[in-house]
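Subject: Structure for you to look through

Hello,

Here is the structure I said I would pass on. Please keep it open while you read the notes below it.

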Amino acid sequence: MSHDSLRARLRHATAPYHARVDACFSVFDLGSVEGYRAFLAAHAAALWPLELGLEAAGVENLLTDWPARRRRGALARDLVRLGMAPPDDGGVVPLRLADAAECWGALYTLEGSRLGGTVLARRVATAPVLAGCLDYLSHGAGQALWPGFVAQLELAAARLPWPAICVGACAAFEIFDVAAHNTIDSTTPHLAGSTS
């Protein structure tokens with residue numbers, strides 16, 4: 001490893017993926033019921049295979065606080081409140097992660113995906129009908145989960161191969177990208193900012 005932090009290296013290596021995913025998810029109108037439903041559906045399509053893949057690969061052995069980080073339950077509650085069925089664990093194909101290095105990369109993307117939750121939650125809360133559906137976006141608020149994750153990531157970095165870490169991070173971004181595109185394709189009439 002170089003003297004640069006692993007977080008900095010991952011941020012640089014995944015920047016194009018990050019920009020693409022951010023652009024996709026910015027299409028969803030979080031102030032409307034249909035737009036927010038589509039947004040959560042897209043996140044569910046990414047979150048389930050990511051979390052199940054990490055669990056199949058033994059994430060509990062990497063992050064001792066994994067149960068506190070897992071967000072499927074919070075997202076399922078919001079989906080149900082909005083009249084949607086959460087994915088069935090048994091019907092989801094988990095992301096296949098080859099080793100601990102790929103797991104840490106995928107975790108970087110997954111944990112990073114929660115960072116904008118507070119800002120997004122404020123946008124959603126402006127619609128009174130959606131104010132009670134913020135378990136997913138507010139998950140872990142006030143718990144300093146990101147700094148704790150980064151500290152653990154950096155400790156693991158010295159003994160793990162960089163290429164595999166990068167593969168895991170990019171694979172996780174790809175799942176979010178595909179999930180967003182698939183949802184946009186199936187719900188375009190309900191999305192704000194859709195002028196095409």
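Alanine 100 touches Leu62 and Leu160, when residues up to four places away in sequence are not counted; a contact means heavy atoms within 4.5 Å. Alanine 100 lies in helix H6, which covers residues 100-112. Helices (H or I, at least four residues) and strands (E, at least two) are DSSP runs, numbered from the N terminus. With a relative accessible area of 29%, alanine 100 is partly exposed. On that scale, buried means under 20% relative accessible area, exposed means over 50%, and partly exposed is in between (1.4 Å probe, protein chains only). From the C-alpha atom of alanine 100 to that of arginine 122 is 35 Å, and the two residues are 22 apart along the chain.

Before going further, note that this is a predicted model, in which local features need pLDDT of at least 70 and side-chain atom pairs count only at pLDDT 80 or more, while totals for chains, interfaces and linings use all residues. Residues are numbered from 1 along each chain as its sequence is written, and side-chain values use heavy atoms, with hydrogens and water left out.

The chain as a whole

The protein chain has nine helices and zero strands. Its radius of gyration is 17 Å, close to the 16 Å that the globule rule gives for 196 residues, so the chain is as compact as a globular protein of that length. The radius is taken over C-alpha atoms, and the rule is 2.2 Å times the number of residues to the power 0.38. Along the principal axes, the C-alpha atoms fill a box of roughly 50 × 35 × 35 Å.

Of the 196 residues in the protein chain, 47% are buried. If you take the contacts between residues at least 6 apart in sequence, 83% of them join residues at least 24 apart. The accessible surface of the chain is about 9200 Å², and 57% of it belongs to carbon and sulfur atoms. These areas come from the Shrake-Rupley method with a 1.4 Å probe; for residues, only the protein chains shown count as cover.

There are 16 positive and 19 negative side chains, and the centres of the two sets lie 4 Å apart. Lys and Arg count as positive and Asp and Glu as negative, while His and the chain ends are not counted. The place of a charge is taken as NZ of Lys, CZ of Arg, CG of Asp or CD of Glu.

Aromatic rings

How many aromatic pairs does a search of the whole structure find? The search finds eight. Rings of Phe, Tyr and Trp (its six-membered ring) pair if their centres lie within 6.5 Å; planes under 30 degrees apart count as stacked, over 60 as edge-to-face and the rest as tilted.

One of the pairs is phenylalanine 25 with phenylalanine 28, which is tilted, at 5.7 Å centre to centre and 40° between the planes. Both residues are buried: phenylalanine 25 has 11% relative accessibility, and phenylalanine 28 has 2%. Phenylalanine 25 also pairs with phenylalanine 176; the ring centres are 6.3 Å apart and the planes are at 70°, so this pair is edge-to-face. Phenylalanine 25 lies in helix H2 (residues 15-25) and phenylalanine 176 in helix H9 (residues 162-187), so the pair ties together parts that are 151 residues apart in sequence. Phenylalanine 176 is buried at 3% relative accessibility. Phe25, Phe28, Tyr36, Phe39 and Phe176 form one aromatic cluster.

Threonine 109 is in helix H6 and is buried, at 4% relative accessibility. Apart from neighbours within four places in sequence, threonine 109 is in contact with Ala169, Ala172, Phe173 and Phe176. Alanine 172 is found in helix H9 and is buried at 0% relative accessibility. Beyond four places in sequence, alanine 172 touches Leu50, Ala106 and Thr109.

The loop between H7 and H8

Is tyrosine 136 buried or exposed? Tyrosine 136, in the loop between H7 and H8, is buried, with a relative accessible area of 3%. Leaving aside neighbours within four places in sequence, its contacts include Leu40, His43 and Arg71.

Alanine 144 is in the loop between helix H7 (117-125) and helix H8 (145-157), and is exposed, with a relative accessible area of 52%. Its phi is near 55°, a positive value in a residue other than glycine. Most residues other than glycine have a negative phi.

Regards
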